[in-house]
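Hi,

Here is the structure I promised to pass on. Have a look at it first, and then read my notes below.

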Amino acid sequence: VSINTEIPVRVAKITPVAEKIRRFRLERLDGQPMPYFSAGAHVVVSMHDGDILRRNPYSLMSAPYDSSAYEISVLAVENSRGGSAFMHRISEGDELRVSQPVNLFPADHRGRKHILIAGGIGITPFLAMMAQFSRDNVAFELHYAMRSRTHGAYWQDLLQQYGPQRVKTYFDAEGDRIPLNAILDNQPLGTHLYVCGPAGMIDGVLLAGLEAGWPRENLHSERFLAPPPGQPFKIWLEQSRLSITVGEHQSILEAIEAAGVDAPYMCRGGACGQCETTVLSCDGEIEHNDIYLSDEEKAERRKIMICVSRFKGQQLALQL
Amino acid sequence: MLVQGIKSRPTYRGIAIEPHAKRHIIALEGEGALALMEQKAELTPEILSRCEVLYVPHGSQGQDHELALAALGADIFWQAPTIPTLLFRLKGSLTNAKMGTRLYISGTEGFIGQAMQIALDLGMDFNSIPTEHRGSLARRVQCVHCKGITENVTSSPFQCSHCGLTLLVRDHYSRRLAAFQGVNIDAEEPGTAPDPEELFS
């Protein structure tokens, strides 16, 4: 579904930003403008790494109204499955493909004020959001936690661009902590809060928000889960009449794509629900790793999110 | 004559006090007072010390609901003479309120809609505001032709109080206008409208 609308791009510029973080400027091969997007959107980047096709989602960090190119930032992750390591090997002039932009983390434009809470590389969607808020003359504040001054990306630029009233930085190495309760207790009615960063940080901020009496409608988060590794297993694709093996470092979706079967997907991180697949029969245990299905749905074992979930057992047949 | 299944028709799920809220603003009209009184058991002194209750008797004049509300012992109890004066006060309270403040609304649909309109204009999310319908079924209706709003409509069709057209009252609701939509029913042959039915009393 998503495959035919991919956009071929060239890596026009690579900028080292901070320790282990590179920024990529991606321009269309055909010279046409990129589609406009809404702040908070991501693209799925397709990488041909030898015989392996890798697809990873990255938040768009350039200004949403700038159609000359897309910009993403990539952190080299320890124990990378290969995507971020690949992005740290490529050079200017190399070609990639990106999906159409998809937004699972949009700003609520009805808000009177917006609080952005970023941890580490979780800053990227907020770069686009701040550009949009600033242009729309909407009140916002960024609270940005980083490991250290050298690990943190863009904080000097942001302080310079938006000023210390709107940009607050916190460095773990210096013992700083985001004063979450003071922030939550002093916002005008109609404020929205957005958090992007490590899973523990997201959970902590959302819980603190609810405990401070904030409605869940005003609390927003984005987390992408990398497909976790595990023991290889076999699956049966009923419509394609194919039996395939999902490798240790592969997701079901990746294994299906490698076998030439086209399955729908959007976020590839267990969040959006696009790759929901019907389970026809299941003799064993599904390891549901997504945050999309409800606990009841997970217990029923009739649906699986093939981008992140795995299987242990004798037989798993999917409607694909 | 009402078309069933129109999605914009509001539903009211009842008001329940949000335990984590730092402040509660409770806007009540007429029989809406009972929606709060029936929760008296849950209203601990701590919750009441965080409550601002705004009340307008409106259609329940003489029922003395205000005496019962005042006796609850909320931090603030304020009685308004009319709906517009209550809405003015509500706007002031919400404008200065901080996140952690929750709003609750109960009364007739026209009142709930107008109080909701103020909250939405201040950026609050519709789904975060508990509402409870109490009292008459009378509707606040906008004439889609002249844009005039008629309050307390109890029958359909009815005559627009502004332009005089005969209007069919629909379930089609506008949150922005806080009104149901009324559409001319005898446009082709004026005077052939069916007799009014008392649907919303």
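Before anything else, one term: a residue is called buried when its relative accessible area is under 20% and exposed when that area is over 50%, with partly exposed in between. Also keep in mind that this is a predicted model.

Let's start in chain B, with strand 2.

What does strand 2 of chain B pair with? One partner is strand 1 (residues 23–29) of chain B, which runs parallel to strand 2 and is joined to it by 6 bridges. If you want a landmark there, look for Ile25(B), which stands opposite Glu52(B). Another partner is strand 3 (residues 76–79) of chain B, again in the parallel sense, this time over 4 bridges. On that side, Leu54(B) stands opposite Trp78(B). Strand 2, helix 3 (residues 65–71) and strand 3 of chain B also make up a right-handed β-α-β unit.

Further along chain B, have a look at Thr150(B), which lies in strand 7 (residues 149–153). With a relative accessibility of 11%, Thr150(B) falls under the 20% limit and therefore counts as buried. Its side chain makes a polar contact of 2.8 Å with the side chain of Ser161(B). If you set aside the neighbours within four places in sequence, Thr150(B) is in contact with several residues, including Arg139(B), Val141(B), Phe158(B) and His162(B).

Now for where the two chains meet. How many residues of chain B are in contact with chain A? There are 17 of them, in contact with 20 residues of chain A. The area buried between the two chains is about 1,600 Å², and carbon and sulfur atoms give 53% of that. In chain B, His20(B), Met99(B) and Asp125(B) lose the most area to chain A, together 39% of what that side buries. Asp125(B) turns up again in a salt bridge, where its side chain meets that of Arg110(A) (2.7 Å, N to O). The elements that give two or more residues to the chain B side are helix 4 (83–95) and strand 4 (101–107) of chain B.

Over in chain A, the spot I'd zoom in on is around Arg55(A). The side chains of Arg55(A) and Glu257(A) meet in a salt bridge (2.7 Å, N to O). Arg55(A) lies in strand 4 (residues 52–59) of chain A and Glu257(A) in helix 6 of chain A, so this pair ties together parts that are 202 residues apart in sequence. Are these two residues buried or exposed? Arg55(A) is buried, with a relative accessible area of 6%, and Glu257(A), at 15%, counts as buried too. Leaving out neighbours within four places in sequence, Glu257(A) is in contact with Arg55(A), Tyr265(A) and Arg268(A).

Tyr265(A) sits in the loop between helix 6 and strand 14 (276–287) of chain A and, at 2% relative accessibility, counts as buried. A polar contact of 3.2 Å joins the side chains of Tyr265(A) and Arg55(A). There is also a network of salt bridges here, linking Glu6(A), Arg55(A), Arg97(A), Glu257(A) and Arg268(A).

Over all chains, the count comes to 31 salt bridges. One of them joins the side chains of Glu238(A) and Arg241(A) (2.8 Å, N to O). In that pair, Glu238(A) is partly exposed at 30% relative accessibility, and Arg241(A) is exposed at 55%. Another joins Glu287(A) and Lys312(A) (3.5 Å, N to O). Glu287(A) is in strand 14 of chain A and Lys312(A) in strand 16 (residues 310–318) of chain A, so that pair ties together parts 25 residues apart in sequence. Glu287(A) counts as partly exposed, at 27% relative accessibility.

Cheers

Technical notes. Residues numbered from 1 in each chain as written. Chains lettered and ligands numbered in written order. Predicted model: local features only at pLDDT ≥ 70, side-chain atom pairs only at ≥ 80, totals over all residues. Heavy atoms only, no water. Buried < 20%, exposed > 50% of the residue type's maximum accessible area, 1.4 Å probe, protein only. Polar contact = N/O pair within 3.5 Å; in protein donor to acceptor, adjacent residues only side chain to side chain. Contact = heavy atoms within 4.5 Å. Pairing = 2+ DSSP bridges. Right-handed = clockwise from strand over helix to strand, strands pointing away. Buried area = accessible area lost by both parts, 1.4 Å probe. Salt bridge = Lys/Arg side-chain N within 4 Å of Asp/Glu carboxyl O.
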